[in-house]
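Please keep the sequence and the model open while reading.

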Amino acid sequence: RNLQLLDDMVREKELAVRNTSDTLSACRLQSKMLAKQLDHVDMEIEREEEAGNVAAVSRLQAVSSRLCTELEREKELELRLALTLKQNLAELWKIETEQGKYDILREQLQKDEEKLQMQYQEEREVRIWKEKITALQAEGTRRTREKREKKAQRECEERNKKLLEDAKKNHEKAVCFLKQSMARIHEKNAKEEVKAREHMERRIQAVLSLKTSITSNREKLQTLQILNKAKALEAKKEEMKMREAILAKGGNVIREIFLHKRQQEHEKKKEAFRELQKSRKMEIVSRILQERASVHKQRKSQSPSKAIKARDCCFVLLNMQIIEFCLKIAQVPTKHETLYLQTLCSCTKVVALSISLAQDVLWESGDEDTDRDKTLLVPEFPGLWSREYDLHKVPKAEDPTLLAIRAMRKQMAEKKMKELQSGILHKQTVPGQEHKGSAFLSKPSCIHFKDFDVGQVYKKKIVLTNASYSVNYCRLVGISEWLKDFISVHFDPPGKMSSGMSCEFLVTFKPMINKGLEGEVMFMAQTGSFSVPLKCTVKTCILALDKELVDFGSLVVGETISRTISLTNSGALGTRFK
């Protein structure tokens, strides 16, 4: 690489020397030409001075001065070029002397390159020999492949012949079936055409009836407009009469009219509220009746038993009591309108909650009954109700069937406990649906410690509610690894929790650094694991303007209008602004 660099430098310097010598020779030639021109101009000046032509003399003197300046410039350039040529020649000689030091290395390099070329030649010959061998092998494989392909082609031709024969037979059968199917399709198309014609006739009749109804509605609208105008005129007349009567009595006209209008609006609101009250009563009753009908259908689809019938009766009675309670509350006087609305909303919530709880109780009891029917085929503890017990008789050995049932129940209980401990999950199903999503719901859904100060202690109480369809368990697994230095959780496992039941746990936050944190509190339930997200945010400043656009509207020239813009900091951290 160094030799290559020296060669490149030599070539560059030679090129520079050649260029400077060329320019130097051109410059010398130019200076000679300028000297000749100057001599010629001097001769012309002498001739014109003898002739006494002053104008020509002045012009030729100007040309002479210009040629003198150009000649001086060329001589300066010639000196500079000569100097640069000497410098380039000196540098070239230095590089050539440096290059001469590496002649031995250059010869060694040439020898190494020749050896490398010989090695490449040998490798090339070896590669060509291997390629020839592989080409011969490929030729052999090609011939064997051609033989196999010919054999496979013969087999394929035979198979195709058989397929053609089978296809002919199948084609004949298909033609027969196609004729039959085409006949059926033609019949179906004919029926559809008849139906389409009937449908079009019905649509035409509907359009005509719509047209007639539109015309009648226009007439009604016109009559309504006329009636409204008449009512407005009557109201104006009544208002004028009222004004005259009030003026005759000497009262305040504006106040009396305002009170009269408020009384009319109040009566209109009372009528609208009564209609709303009636509609809500009907809506509550219809919802409860729908729930009763759906529960009755579910009970019919399941296996009927006496316990289920008793629970259905209890559910119907509960719904009837709720209906009566709703209707009693609906009879609140119209003076307390806001109180009525609150009680009505709470009543609807009670109805929905009671219906869902009753359904859960029915489903759970139904599941328990089915489990009891499956497992307790024989009573575990026989007593006086099953047979007469003789105190004087010696007790016999227990029935082997009872012992077997007890052992089976014990094994099932142990298996269930092992599955719970190992984390095997169970699906929560009830008749007709399966629970999906998290088994427990937290309130609030996210544990958020907002705008905290370092060194303070913050506590929050979280409520977990069993949202699954049956009894469930819940235990604390832990919190995120990076939160353990700042967050502590106090949770007492509540044991078995029925659907809709809730428990509490306490989260304590001790911030040591002024930095936002995010993580989660992890729990394990019978239906799977779930977590409650946790977030800690530092104090921030949140600046906001109350206007996005300052609009002065249209104004007259010379008028002054001012607008106020409010800048609000809704965060917990103060800040400067300009």
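**Surface patch**

A nonpolar patch on the surface is formed by L543, L545, V550, F552, L555, I565, L567 and F577, which together have about 740 Å² of accessible area. Such patches take residues with over 30% relative accessible area and no salt bridge, joining like charges within 9 Å and nonpolar side chains (Val, Leu, Ile, Met, Phe, Trp, Tyr) within 5 Å; a salt bridge is a side-chain nitrogen of Lys or Arg within 4 Å of a carboxyl oxygen of Asp or Glu. Accessible areas come from the Shrake-Rupley method with a 1.4 Å probe, and for residues only the protein chains shown count as cover.

The model is predicted, so local features need pLDDT of at least 70 and side-chain atom pairs pLDDT 80 or more, whereas totals for chains, interfaces and linings use all residues. Residues are numbered from 1 along each chain as its sequence is written, and side-chain values use heavy atoms, without hydrogens and water.

- F552 lies in the loop between β11 (543–545) and β12 (567–569), strands being DSSP runs of E of at least two residues and helices runs of H or I of at least four, numbered from the N terminus.
- F552 is partly exposed, at a relative accessible area of 36%, where buried means under 20%, exposed over 50% and partly exposed in between (1.4 Å probe, protein chains only).

**Helix α3**

- Helix α3 (residues 103–249) spans only 137 Å between its end C-alpha atoms, whereas a straight helix of 147 residues would span 219 Å at 1.5 Å a residue, the expected span being 1.5 Å times one less than the number of residues.
- Just after α3, G250 takes a positive phi of about 90 degrees.

**Whole chain**

- The chain has seven helices and 12 strands, and 19% of its 578 residues count as buried.
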